[in-house]
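Please keep the sequence and the coordinates open side by side. The text below walks from single residues out to the chain as a whole.

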Amino acid sequence: MWTFFSGCSISYGKKKEQWLAQQETFQVDEQFDKVQEAFLDLYGPLLDEIAEIHPGLERIGDTNLSKINEQMQYLKQQTHKAIEDKHHVSLRHWNGIQNSLFPMGKPQERVHNALFYLNRYGTEWIDELIKASSEFLGEHKVIAL
């Protein structure tokens, strides 16, 4: 059985991200959001109190808060990267599928010449393709032969 892909409009980037998210039980974004919210709940009132002690402390506190948020975002990004590294072999397979379906990011028919398939598989597949295809609606299709 063959599968003939003609520039199918499936979003493989989204599918790959969904698959990667399903591989981990640790919900990175949700966990970091909880920590950041809890931190702001504790740190915000402290900043308000120290601003009353001296006006210059408010600016220092805001700068400090900004740096802490940057560090949390950095750790979040590194956590996502570690998960990707953990699943790099599977992600390479996803990339291989995407490159096969959309070589150079373009539909197959824009990159591959039909002569390749004629030389490799002969002409019988053309008859099967014609029989398998239904009404042409101007959209890309996936046809299994």
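Once residues within four places in sequence are set aside, T79 is in contact with F26, V28 and F32. This is a predicted model, and the contacts discussed here are read from its coordinates. T79 belongs to helix α3, which covers residues 55-86. Its relative accessibility is 18%, and the cut-off for a buried residue is under 20%, so T79 counts as buried.

L75 and F32 are separated by 43 residues in sequence, while their C-alpha atoms are 9.0 Å apart in space.

The next residue to look at is Q36, in helix α2, which spans residues 28-53. Beyond the residues up to four places away in sequence, Q36 touches N69, M72 and Q73. With N69 there is also a polar contact, in which the two side chains come to 2.9 Å. Is Q36 buried or exposed? Its relative accessible area is 18%, so Q36 is buried.

These residues lead to the pairing of the helices themselves. Two packed helices are described by the angle between their axes and by the distance between those axes. For α2 and α3 the angle is about 170° and the axes are 9 Å apart. An angle over 145 degrees counts as roughly antiparallel, and α2 and α3 are therefore roughly antiparallel to each other. Sorted by class, the residues of the contact between α2 and α3 are 17 nonpolar, 7 polar and 5 charged.

Helix α6 (residues 114-121) packs with helix α7 (residues 124-132) at an angle of about 115°, and their axes are 8 Å apart. The range for roughly perpendicular is 65 to 115 degrees, and α6 and α7 are therefore roughly perpendicular to each other. Which residues make up this contact? From α6 come Y117, L118 and Y121, and they meet E124, W125 and I126 of α7. By class, the contact of α6 with α7 holds 5 nonpolar residues, no polar ones and 1 charged.

M104 sits in the loop that runs between α4 (88-101) and α5 (108-111). Its phi is near 55°, a positive value in a residue other than glycine. M104 has a relative accessible area of 67%, so it is exposed.

Finally, the whole chain. Its secondary structure consists of 7 helices and 2 strands, and from the N terminus on the elements run β-α-α-α-α-α-α-α-β. The chain has 145 residues, of which 21% count as buried. Its accessible surface comes to about 11100 Å², and 55% of that belongs to carbon and sulfur atoms. Among contacts between residues at least 6 apart in sequence, 74% join residues at least 24 apart.

Notes
Residues are numbered from 1 along each chain as its sequence is written. This is a predicted model: local features need pLDDT of at least 70, side-chain atom pairs count only at pLDDT 80 or more; totals for chains, interfaces and linings use all residues. Side-chain values use heavy atoms; hydrogens and water are left out. Axes are lines fitted to C-alpha atoms, for helices over the stretch in contact, and angles run from 0 to 180 degrees between N-to-C directions. Helices (H or I, at least four residues) and strands (E, at least two) are DSSP runs, numbered from the N terminus. Angles under 35 degrees count as roughly parallel, over 145 as roughly antiparallel, 65 to 115 as roughly perpendicular and the rest as oblique. Contact means heavy atoms within 4.5 Å. Ala, Val, Leu, Ile, Met, Phe, Trp, Tyr, Cys and Pro count as nonpolar, Asp, Glu, Lys and Arg as charged, and the others, Gly among them, as polar. Buried means under 20% relative accessible area, exposed over 50%, partly exposed in between (1.4 Å probe, protein chains only). Accessible areas come from the Shrake-Rupley method with a 1.4 Å probe; for residues, only the protein chains shown count as cover. A polar contact is a pair of N or O atoms within 3.5 Å; within protein, one must be able to donate a hydrogen and the other to accept it, and residues adjacent in sequence count only if both atoms are side-chain atoms.
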